There are 2 protein chains.
Amino acid sequence: MLMNSMRLFTGMQERRLDALVATMPENVTYASGFWAMSQWIRRGPQAYVLTPVPALGEPVVIASSGLIDLAADPNVWVKDILRFGKFVIERTPDVPLDAHDSRIAELMAQDDEGEAVGALVKAIKMRGLQRARIGVDEIGILPQYWDRLAEALPDATLVRAADVFRYARAIKTAEEIRRLRRSAEIADLSIQSALAAAREGATEMDLARAFHGRTIAEGGLPVLGCIGVGARSAMTNVQPSERKLARGDVIRFDVGGRYRHYRADIARNGVLGEPNHKLAHYHRAIRVGLERAIAMIRPGVRAADVFEACVETVRREGIGHYQRSHVGHGIGLDGYDAPNIAPSSTDVFEEGMVICVETPYYEMGFAGLQVEDTLVVTRDGVESFMVSGTELRVV
Amino acid sequence: MLMNSMRLFTGMQERRLDALVATMPENVTYASGFWAMSQWIRRGPQAYVLTPVPALGEPVVIASSGLIDLAADPNVWVKDILRFGKFVIERTPDVPLDAHDSRIAELMAQDDEGEAVGALVKAIKMRGLQRARIGVDEIGILPQYWDRLAEALPDATLVRAADVFRYARAIKTAEEIRRLRRSAEIADLSIQSALAAAREGATEMDLARAFHGRTIAEGGLPVLGCIGVGARSAMTNVQPSERKLARGDVIRFDVGGRYRHYRADIARNGVLGEPNHKLAHYHRAIRVGLERAIAMIRPGVRAADVFEACVETVRREGIGHYQRSHVGHGIGLDGYDAPNIAPSSTDVFEEGMVICVETPYYEMGFAGLQVEDTLVVTRDGVESFMVSGTELRVV
């Protein structure tokens with residue numbers, strides 16, 4: 001199971017919720033294993049998961065009929081599914097169906113609940129929750145649909161509760177850690193392929209094609225691909241262009257795709273030929289800062305303290321004016337899960353958090369430097385997911 | 001410019017709006033050229049474009065400081081930009097900056113407006129719209145933020161208006177048509193690469209890697225990759241697995257990525273070895289149905305009439321029980337733009353619409369068959385974006 005049920009129920013209890021409704025794609029997948037494709041690749045299509053507290057019954061998935069094959073996937077652990085909307089799937093008579101197709105046939109034989117909110121209301125009533133206090137993830141539900149939900153459930157109390165999912169998602173389950181480890185590894189290998197394509201005259205697009213091509217070959221899908229060379233590397237979200245690599249150019253990668261829906265986000269630098277003094281000196285400073293941060297992280301340590309020590313280290317090691325808004329964040333189905341490693345953060349590290357730690361430095365007219373590792377917080381420290389080191393790669 | 005300004009202003013006039021606020025990523029890009037990356041790859045990050053009617057002033061982009069390099073991109077045609085949030089970008093003294101970096105420096109020199117809603121309120125007041133009737137795209141703004149906007153503008157009237165963008169986006173501009181044509185072409189070429197990898201023992205994942213690899217090589221990014229073989233091809237949203245291709249297996253592709261943010265969505269079938277009678281007969285029926293639909297489309301024709309004729313043709317040509325919820329849809333920044341080619345649709349074709357026409361047929365125990373072409377509606381008919389034919393490809 002992807003979901004950390006214990007933590008989700010703790011979060012629900014703290015908010016005195018009888019049930020929680022997932023509405024954004026990350027939370028729907030998290031709460032059920034259901035990858036509601038149209039919701040992932042578009043804005044607007046609705047899919048929900050109703051999760052009552054254990055005493056009040058089993059969860060229910062609400063899926064559009066057009067996605068029923070994905071709701072019937074063996075990776076979906078929620079058994080009760082309501083479908084809505086007209087959709088036609090035929091069946092050859094007298095041909096035995098495999099388990100997946102049989103499940104599709106079973107779900108298509110159920111009533112069409114008409115539309116998404118109607119189906120959700122039915123699920124809530126099926127569980128006897130029409131007078132309950134229900135948390136609704138407010139990010140994925142359209143406001144018109146929220147209004148209709150409230151009208152259909154005049155005796156229920158609906159509260160915005162996306163933060164409960166954010167709280168639960170911060171501590172990863174074993175299956176999430178496996179996927180995140182592989183996702184980080186794919187990104188790391190993809191940087192190696194891009195660096196192998198780095199030569200004088202190669203364009204940023206050439207590097208990007210090598211990067212994403214390797215991600216595809218390894219079974220991932222591209223998402224984040226900030227790849228810039230020379231002075232362009234200083235642009236925070238640099239998108240690959242036809243700019244050609246020249247001797248002395250720095251290359252910055254801030255990149256990562258998805259593997260089985262889980263994100264990667266790592267960063268490395270290369271340089272074509274020997275680095276000049278400033279580049280080598282500054283890059284060393286951000287590396288030492290990163291190492292300092294990682295060395296501090298273990299359960300019970302405050303994220304704000306790590307931020308402080310990290311920035312202080314980069315300053316002392318060579319970039320005296322170094323400033324940052326944050327030096328890292330959690331990662332999971334979303335690229336920015338809790339915790340947030342920032343000066344005002346009240347987050348404390350806990351075992352099972354998967355974290356990106358980073359020390360980016362952007363200087364227009366010079367370069368963008370950035371090292372970012374992904375790691376899991378263990379009982380007494382961290383375990384890195386990275387297969388390569390953070391050194392400036394001379395190519 | 002991506003935006004069809006005339007059509008947007010017509011839509012605003014029909015709704016009696018003084019201004020319109022884009023909040024979902026597709027509409028933000030559409031209304032300004034600003035690709036607000038974090039909003040595209042996550043749920044929650046806010047970016048807006050305020051577009052007053054022409055008499056009431058120029059549009060304003062609201063961008064997080066961390067995305068300012070993308071807001072400064074030369075493809076962004078909106079000149080007034082407000083930024084919010086702390087973010088640090090350094091600058092080497094005495095080194096001349098190029099035009100893009102100069103623009104970044106100029107925008108970073110502006111005040112930090114604190115947070116997204118505060119910046120939007122400032123933009124609205126800058127244009128003297130604090131008593132205006134303002135349409136807000138309700139899909140991308142968080143409900144908490146809508147509430148704060150309403151509180152900060154007690155004399156304004158805020159109405160949900162995502163439909164105005166949907167209306168405008170239905171008729172593409174020349175630049176949108178260029179991108180959509182290339183996006184469809186990339187998907188078509190990618191199917192050819194996947195079919196070139198189709199042989200006995202190749203897996204669905206092998207085909208998917210060949211498909212996405214070609215998309216990357218052509219400068220696109222993967223999005224939709226439903227690729228299934230044999231009986232698995234009947235699953236509507238089949239996701240590539242380790243299932244191996246065997247003699248006689250049908251292969252179904254329902255696929256398409258993005259090219260410069262514009263979507264592709266096309267479908268084709270292959271078969272390993274000669275097709276059996278049923279496969280050949282049914283596939284011909286859906287092809288003739290598709291051809292019938294395409295032959296009817298021209299400005300002034302009702303989408304519902306095309307649906308009717310298309311389904312009728314497939315039935316007459318060999319699948320007597322053929323049923324569908326729709327046989328096509330518009331495509332643009334979103335994979336499902338207007339119009340909708342469905343029985344209850346009130347849409348009428350207009351010049352400049354870009355449309356996917358499709359006749360899928362899913363039969364569990366047999367196969368999924370699907371042909372889907374993308375085309376633009378011209379003054380007196382259509383022009384196809386496809387480089388390959390719809391025939392069943394024997395490999």
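In the predicted model, strand β17(B) and strand β18 (residues 382-384) of chain B pair in the antiparallel sense, over three bridges. Within this pair, B:V376 has B:E383 in β18(B) as its bridge partner. The two strands, β17(B) and β18(B), form a hairpin, with four residues between them. Strand β17 of chain B spans residues 372-377 and is mostly covered. Five of its six residues are buried.

Chain A was examined in the corresponding region. Strand β17 (residues 372-377) of chain A is mostly covered, with five of six residues buried. β17(A) pairs with strand β14 (residues 354-358) of chain A in the antiparallel sense, and five bridges hold this pairing. A:I355 has A:L375 in β17(A) as its bridge partner. β17(A) also runs antiparallel to strand β18 (residues 382-384) of chain A, joined by three bridges. In that pairing, A:V376 is the bridge partner of A:E383 in β18(A). Four residues connect β17(A) to β18(A) in a hairpin.

The relation between the chains was considered next. Chain A superposes on chain B by a rotation of 180 degrees, with 0.0 Å of shift along the axis. The RMSD of this superposition is 0.0 Å. The two copies are thus related as by a two-fold rotation axis. Among the residues of chain A, A:G213 comes closest to the rotation axis. Its C-alpha lies at 2.8 Å.

The chains touch through 55 residues of chain A and 55 residues of chain B. The largest share comes from α10(A), with six residues. By class, this side of chain A holds 28 nonpolar, 13 polar and 14 charged residues. Of the interface residues of chain A, 100% are also interface residues in chain B, so the copies meet through the same surface.

Strand pairing also crosses between the chains. β15(A) runs parallel to strand β5 (residues 90-91) of chain B, and two bridges join them. A:E363 has B:E90 in β5(B) as its bridge partner.

Nonpolar packing was then examined. In soluble globular proteins, nonpolar side chains tend to be buried together. The largest nonpolar core of this model has 247 residues. The residues with the most contacts inside this core are A:I62, A:L120, B:I62 and B:L120. Helix α9 (residues 174-196) of chain B gives the most to the core, with seven residues. Around A:L120, neighbours within four places in sequence were left aside. The residues then in contact with A:L120 are A:V21, A:Y48, A:L50, A:I62 and A:L149.

Within chain A, the domain assignment gives domain 1 (5-169) and domain 2 (174-394). The C-alpha centres of the two domains of chain A lie 35 Å apart. Seven residues of domain 1 of chain A are in contact with six residues of domain 2 of chain A. On the domain 1 side of this contact, α2 and α8 of chain A each supply at least two residues. By class, that side has three nonpolar, one polar and three charged residues.

Helix α8 of chain A, residues 162-169, is mostly covered. Six of its eight residues are buried. These are A:A162, A:V164, A:F165, A:R166, A:A168 and A:R169. The buried residues of α8(A) pack against both helices and strands of chain A. The helices are α1 (5-14) and α2 (25-32). The strands are β1 (19-22), β6 (133-136), β7 (157-160) and β13 (337-340).

Conventions:
Residues are numbered from 1 along each chain as its sequence is written. Chains are lettered from A and ligands numbered from 1 in the order in which they are written. This is a predicted model: local features need pLDDT of at least 70, side-chain atom pairs count only at pLDDT 80 or more; totals for chains, interfaces and linings use all residues. A residue is buried if 20 or more other C-beta atoms lie within 10 Å of its own, exposed if 12 or fewer, and partly exposed in between; C-beta atoms are placed from the backbone. Two residues are in contact if their C-beta atoms, placed from the backbone, lie within 7 Å. Copies are superposed by least squares on the C-alpha atoms of residues with pLDDT of at least 70 in both. Two strands pair if DSSP finds at least two bridges between them. A nonpolar core is a set of buried Ala, Val, Leu, Ile, Met, Phe, Trp, Tyr and Cys residues joined through C-beta atoms within 7 Å. Ala, Val, Leu, Ile, Met, Phe, Trp, Tyr, Cys and Pro count as nonpolar, Asp, Glu, Lys and Arg as charged, and the others, Gly among them, as polar. Domain bounds come from an automatic or database domain assignment.
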